[in-house]
Each structure stands twice: as C-alpha cells, then as structure tokens.
Amino acid sequence: MLQASFPAAVADLQKEYRDAALDITSYVQFPKKLAGLGGRYGNVYRGEWSRPRSEGPTTVPVAMKVLRGSDVTSHNVEVRLRGLKRLRKEIAVWCHIVHPNILPLLGVCWIKGFDFPAMISEWQANGNIVGYFDQLRGTPERDLFALKLDLLQGVLDALVYLHNNQVIHCDIKGENVLVSSRRTAFLCDFGLSWTDASTSVTFTRPHWGKGTAAFMAPELFDGDSNECNVASDVWAFGCLLYQVFAGKNPWAAVGVEHRIRHHLSEHRFFAGADDVPSEIWALVTDCCIFDNTKRPDLAVSVRARLHAIRNQHPELPVHAPPPPPPDPPAVIPDAEWTLECDALRHYGPDLTASIDIQNIPVASGGCSDIHKGIWKDRATEAGGPGTLAIKVHRTDGSREVMLKVLKNVRHAASIWSRLEHPNILPLLGIFWLDAGGVPSLVSAWQENDLRSYLKFYSVNAEAECDLYKRKLELATGVIHGLVYLHENSITHCDIKPENVLVSPQGTALLCDFYTVLVPPQGTTLLGDFHSADSTVQRSMSSEDYVRGTVRYMAPELFADIEDSESDLEIHSSPARDIWAFGSTLSEIWSGSRPWLDLKEVMVILRLVKNEMFERPKGVSDEIWRIVLLCCTVDPSKRPTAADILQELEALQSVAER
C-alpha cells in the first residue's frame with residue numbers, strides 16, 4: 001500500500017473503490033452546515049444521498065464520517081500514507097460484515113479539497129443509545145427496562161457475529177451503538193477493529209489505539225504486549241451494560257483518562273450504581289473479571305444470562321412497546337441555555353454574520369476542531385487580519401453535554417476576554433455555527449505553533465548562534481505571558497508547544513484558555529472573578545479539575561485527593577504551569593517531547609513515583625539547569641514565573657555580547 005507518491009496512493013484508492021462499486025460521490029451532497037459531531041478519529045457530517053433506481057424516498061439523510069487528526073493534516077508523506085492505510089483498513093473491515101445489528105456501510109465519497117474519502121451510512125436520528133435513553137426520561141420503568149434489554153441483546157448478537165468472523169471491535173461503548181427509528185441497535189465505528197479473516201486485503205493489528213479508557217480491560221494498559229481480543233471486548237460489553245442502565249460510564253466518578261488508567265493499574269474496580277439492577281450488576285462484574293481467562297463466553301453464557309433476566313420479569317412485555325416520540329432536545333430548560341448564551345455575549349462581539357467558515361477542519365484535538373474562516377469585513381490576505389481560527393466543539397448532540405460545553409466556553413471567554421498582553425493571543429469575538437448549538441471563540445489565524453515554527457527555523461537558521469538566540473526569545477516570550485497570568489491569579493493548566501503560537505513577527509503567543517483555573521484564594525487584577533464569573537468553576541466536580549496533557553503534567557496532579565477543595569488548590573496552583581514550562585523548555589532546545597519513548601500509561605506510572613523525564617540530546621547545561629528547577633518534584637520549591645524570567649533574561653544578555 002505504501003506508494004512513492006501520496007497522490008498516486010489516493011488515485012489507486014479511488015480506482016479500487018470505483019471498481020468495487022463503493023464510490024457514490026456523484027450521489028452524495030455535502031452539507032452546507034457542520035454537524036458538530038464526532039469521536040477521537042473522525043468528524044461526522046449530515047449530508048444527503050440521492051439513491052439511484054431505489055424504491056421509496058429518493059433522497060435520504062446520511063452520516064458522512066471524515067477522518068481527522070495528524071494523519072490527515074500532516075505535511076509528512078509517510079504520516080499521510082499511514083492515515084490512508086488506516087482508513088482503508090476500516091472500510092475493508094466494514095465492507096465485509098453484514099448483520100441486522102451492524103450499521104451498514106453505503107459507500108464512500110470524495111469531498112472537494114480533501115484527499116481522504118468520507119464513509120457514508122444512513123443517518124440515525126435517535127443518536128446513540130445513551131443519548132436516546134436520556135430523551136426518554138419519564139417513560140415507565142418497566143418499558144425502559146424491556147427496551148434496554150432488547151437493544152443490548154441486539155448489540156450482543158452483533159458482537160457474537162463479529163467474533164465468529166474473527167473480527168475484534170476494540171471500542172465497544174454507548175457512543176458506538178446507534179438506535180434506528182425502528183428501535184434497532186446498530187453497532188458502528190470500526191476504526192480500531194482488526195480481523196484475522198480472509199479478506200481481499202491483509203492488515204496487521206492496529207497500533208494507534210486499543211479503545212476508550214473507561215471501557216478498556218486492565219490488561220490493555222500493560223504496554224504493547226497485550227492487544228485487543230475477544231476477552232477485552234467482553235470486558236467492554238460489561239461496561240456497556242453498566243452505562244446503559246446507570247446512564248453514565250463506569251468511571252464517571254473517577255473522571256479523566258489518566259486517573260482511570262491509574263486505578264486499573266492497581267486493579268481497582270469501578271463502583272456500582274443505584275440505577276443498575278442487581279442481576280445486571282452481577283453480569284457486569286462477571287464480564288469485568290480482571291483475569292481475562294475467566295470472562296464468560298458471549299455466545300453462550302452472557303446470551304443465556306440476558307434471556308434469563310428477561311424471564312425473571314414476567315410482567316415485562318414480550319416486545320418492548322414503542323415509547324412515546326422523544327420531545328425536542330430539552331434535558332435543560334431553554335431559559336438556562338439562553339442565560340448562558342446571553343452571558344457569553346458580554347465577552348466579545350458576535351461575528352457570525354461576518355465570517356465565512358471552511359467546512360473541513362485544519363487541525364483537531366480531543367473534543368474540538370480548528371477551522372479556518374474569513375472575516376469578510378477585514379483584509380483577506382493569507383495570514384492577515386482577515387484570516388481567522390475558529391474552535392468548533394464536538395458533542396454527542398445531547399442537550400446535557402452541550403450545556404456543560406457551553407458553560408466551559410463561557411468560563412474560558414470570561415477570562416480570555418480580559419487578557420491583554422503582547423504574549424497572549426487576543427480573543428476577537430464569538431461565532432455561532434448553529435443558532436441552537438455551542439458557540440465558538442474566534443482569534444486571528446497564526447500559521448505556526450511553537451513546535452512547527454522551530455522545526456522550520458532550525459533548518460533555515462543561518463548560524464547556530466542565531467538559532468540559540470531565537471529559542472531564547474521565544475522561551476522568554478512564553479514566560480512573560482505566564483508572569484502576566486500568574487500575577488492575575490490565573491493558571492493556564494495546559495502549557496505545551498501546541499498551545500504557544502508564533503505570530504508572523506515571530507512573537508510567542510499563549511493560547512487555548514479553555515483549561516484555565518483560578519486558585520481558590522486568588523485575587524485577580526482583572527476584576528472580582530470569584531464573585532462575578534466563577535459559577536462554572538464553583539460547580540465543577542473534583543474530576544473536572546484534572547486537565548492538561550499528560551506528558552507536560554506535574555506529579556502532584558496524579559495524586560488521589562478525596563477533598564475537592566484540596567484538589568482544586570493543587571490543580572489550580574501556578575506551580576503546575578512551572579513544571580509544564582520546564583517540559584516545554586526542554587522540548588524547545590531538543591526538538592523532542594518529554595517522555596518520548598514511553599506511552600502515556602507508562603508516563604503516568606513514572607509520575608506517580610515522582611520520577612522525571614531524562615535529559616534529551618541538544619539541551620545545553622544552562623538550559624537544563626533551569627529545566628531541573630522547574631521540574632522539582634516538590635511544587636513548593638519550584639521557582640516562580642518571575643524567577644525564571646530573570647534567569648532567561650540573564651542568558652539573553654550573555655548571548656547578545
């Protein structure tokens with residue numbers, strides 16, 4: 001599959017899908033508006049498919065899954081070829097599985113200006129199984145219980161079918177189970193699946209992921225030696241049982257991914273929930289046995305147990321009655337949504353009517369995408385003031401999740417809008433992709449982040465001393481921005497090279513203020529934050545405080561703290577930014593990420609032991625001394641941002657001599 005030329009590889013794939021009658025590009029209309037949906041590896045848009053020579057409606061809504069991430073946007077040919085191979089694998093697996101409870105693949109289509117084809121399936125208006133039951137609140141419990149059993153039986157049948165055909169799903173969870181208008185459960189998303197079956201193309205097991213942490217079996221965290229298998233799918237199905245009946249994922253009380261990994265590494269099991277019936281909980285615990293050799297067989301044991309649970313309740317109907325049609329999404333009162341949106345408008349102008357947004361994102365993160373836009377009222381030269389960056393948040397479409405994201409956006413805007421410093425990226429305004437959706441915050445487009453800028457500059461620097469001075473200037477700019485934030489009692493919480501942009505003039509600009517926290521006793525110079533704009537932060541649970549990127553996070557952030565006030569004090573301390581800056585400083589000089597050779601789960605285990613990353617090649621003695629000061633294990637002994645600024649300015653003075 002690896003071709004000498006990426007365009008040649010794309011052309012080969014186009015021919016392959018045309019020959020297989022999978023290419024339905026001419027029958028699919030790409031949406032004018034984005035859906036704002038998606039997972040870790042792809043975005044989902046709602047388009048229209050004009051079915052040729054078909055009975056019934058000639059045009060039906062379809063879901064268009066478009067691959068995203070570095071595999072798509074990278075300028076490295078090998079990386080893009082790897083992404084193409086991954087997509088081809090998913091399509092090949094999906095094409096060869098046909099079952100009443102597996103979402104059918106209709107075909108693929110090419111979108112103008114995009115090298116990777118979109119995967120097309122019928123749009124399921126009921127959404128995923130978790131959101132579906134959220135919409136059915138108020139339905140009699142007996143009817144909900146029967147419907148949950150029916151849908152889970154369908155998922156089980158699909159999973160047994162996959163295993164009988166040597167296909168491992170690798171990412172069983174509620175978000176990957178859709179519910180049709182006829183109340184049929186459809187298993188979907190085969191991006192992490194692998195197969196040993198005889199197909200027209202041979203694939204190795206995927207190296208890019210083993211599932212979603214909250215649904216992953218403990219053995220999958222032991223490193224590269226353990227891959228997804230039938231037993232890990234059984235564990236995930238047990239977690240799905242819990243999620244459907246409890247209405248939340250098994251590790252909701254623990255929160256973020258690295259804490260889940262830490263708990264599993266110590267063989268600590270998730271707690272039960274009052275909403276999970278005892279017989280369901282017994283099946284959950286059997287599926288989620290830590291010894292993977294003792295997990296039950298899905299086709300025999302688990303299937304029989306589900307049937308037995310139904311038989312234990314003779315009052316249930318043979319077939320679950322159709323519930324009443326769900327109301328329009330209204331998990332929260334409209335008044336609350338309106339109040340949040342009105343509050344957000346205080347922090348910047350509404351630029352919705354003034355921006356033309358590009359449909360395809362240019363960069364993606366865990367829960368959002370960055371789109372380019374054109375500010376029609378300004379100059380539109382590339383990189384000029386008319387080119388904008390718009391951060392679009394992805395959700396599962398449920399009103400409850402959307403409200404939580406909206407509150408987080410308002411929290412970010414309430415702080416970002418008040419920041420004014422040469423090393424802080426300014427907030428320009430607010431953009432509504434959809435009148436009823438989550439708004440986006442808008443800033444000026446910057447062509448490079450710190451990592452990509454230094455990679456380019458390192459190749460083109462005329463002399464080594466010029467490169468040294470440029471690195472010092474950028475590092476000093478970052479610390480200037482941090483001094484300003486910390487003086488105003490604001491902790492960034494996610495300092496890393498990707499969150500430092502470089503302007504056309506070469507100025508380092510701190511960005512991404514969605515993670516910021518204000519210490520409990522902080523007195524901000526920007527106003528009385530705690531009385532006016534801290535409602536979101538005050539309403540956060542303990543797990544919401546845990547934010548950041550593992551490779552740049554300090555050891556104290558991984559401690560299990562029961563008291564939420566103490567947890568907030570630790571996670572909002574400026575000392576965590578100092579550790580992250582030290583990690584970033586090391587990368588500025590070496591070009592290598594901290595913990596380069598370790599997977600995140602191993603990084604967490606090292607940090608729990610209060611270990612630090614090794615000194616990479618290329619970091620000079622004077623810089624490494626500052627890194628060590630920043631990355632002192634005891635947060636109380638780390639220097640302040642102002643202290644580091646003095647150190648860097650002293651190095652600048654020496655470099656200028």
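Colleague: Two strands count as paired if DSSP finds at least two bridges between them. With that settled, what is the order of the strands in the open sheet of three?

Modeller: This is a predicted model, and in it the open sheet has the order E17-E18-E19, with the strands pairing in the antiparallel sense.

Colleague: And which strands stand at the edges?

Modeller: Strand E17, residues 448–449, and strand E19, residues 508–510, stand at the edges, and each has a single partner strand, so one side of each is left without a neighbour in the sheet.

Colleague: How many bridges join E18 to E19?

Modeller: Three bridges join strand E18, which covers residues 500–502, to E19, and the two run antiparallel.

Colleague: Changing topic to E14: how many of its residues are buried?

Modeller: Strand E14 spans residues 387–393, and seven of its seven residues are buried, so that the strand is mostly covered, where buried means under 20% relative accessible area. Both faces are covered, with Thr387, Ala389, Lys391 and His393 buried on one side, and Leu388, Ile390 and Val392 buried on the other.

Colleague: Which strands does E14 pair with, and over how many bridges?

Modeller: E14 pairs with strand E13, residues 368–375, in the antiparallel sense over seven bridges, and three bridges join E14 to strand E16, residues 440–444, again running antiparallel.

Colleague: Where is Ile370 placed, and what does Ile370 touch?

Modeller: Ile370 is in strand E13. Leaving aside residues up to four places away in sequence, Ile370 touches Pro361, Val362, Ala363, Ala389, Ile390, Lys391 and Trp445.

Colleague: Why does Ile370 count as partly exposed?

Modeller: Its relative accessibility is 25%, and Ile370 therefore counts as partly exposed, because that class lies between the under 20% of buried residues and the over 50% of exposed ones.

Colleague: How far apart are Ile370 and Ser440, in sequence and in space?

Modeller: Ile370 and Ser440 are 70 residues apart in sequence, and 9.8 Å apart in space from C-alpha to C-alpha.

Colleague: Now Asp171: is that residue buried or exposed?

Modeller: Asp171 is found in the loop between strand E7 (167–168) and strand E8 (177–179), and with a relative accessible area of 6% Asp171 is buried. The side chain of Asp171 is joined to the side chain of Thr212 by a polar contact of 2.8 Å.

Colleague: Last topic, helices H19 and H20. At what angle do their axes cross?

Modeller: The axes of H19 (residues 621–630) and H20 (residues 641–656) come within 11 Å and cross at roughly 180 degrees. H19 and H20 are therefore roughly antiparallel to each other, since angles over 145 degrees count that way.

Colleague: And which residues meet there?

Modeller: From H19, Glu622, Ile623, Arg625, Ile626, Leu629 and Cys630 meet Ile644, Glu647, Leu648 and Leu651 in H20. By class, that contact has seven nonpolar, no polar and three charged residues.

Colleague: To put this in context, how many helices and strands are there in the chain?

Modeller: The protein chain has 20 helices and 19 strands, and 54% of its 657 residues count as buried. Among contacts between residues at least 6 apart in sequence, 68% join residues at least 24 apart.

Note on methods: Residues are numbered from 1 along each chain as its sequence is written. This is a predicted model: local features need pLDDT of at least 70, side-chain atom pairs count only at pLDDT 80 or more; totals for chains, interfaces and linings use all residues. Side-chain values use heavy atoms; hydrogens and water are left out. Axes are lines fitted to C-alpha atoms, for helices over the stretch in contact, and angles run from 0 to 180 degrees between N-to-C directions. Helices (H or I, at least four residues) and strands (E, at least two) are DSSP runs, numbered from the N terminus. Angles under 35 degrees count as roughly parallel, over 145 as roughly antiparallel, 65 to 115 as roughly perpendicular and the rest as oblique. Contact means heavy atoms within 4.5 Å. Ala, Val, Leu, Ile, Met, Phe, Trp, Tyr, Cys and Pro count as nonpolar, Asp, Glu, Lys and Arg as charged, and the others, Gly among them, as polar. Buried means under 20% relative accessible area, exposed over 50%, partly exposed in between (1.4 Å probe, protein chains only). A polar contact is a pair of N or O atoms within 3.5 Å; within protein, one must be able to donate a hydrogen and the other to accept it, and residues adjacent in sequence count only if both atoms are side-chain atoms.
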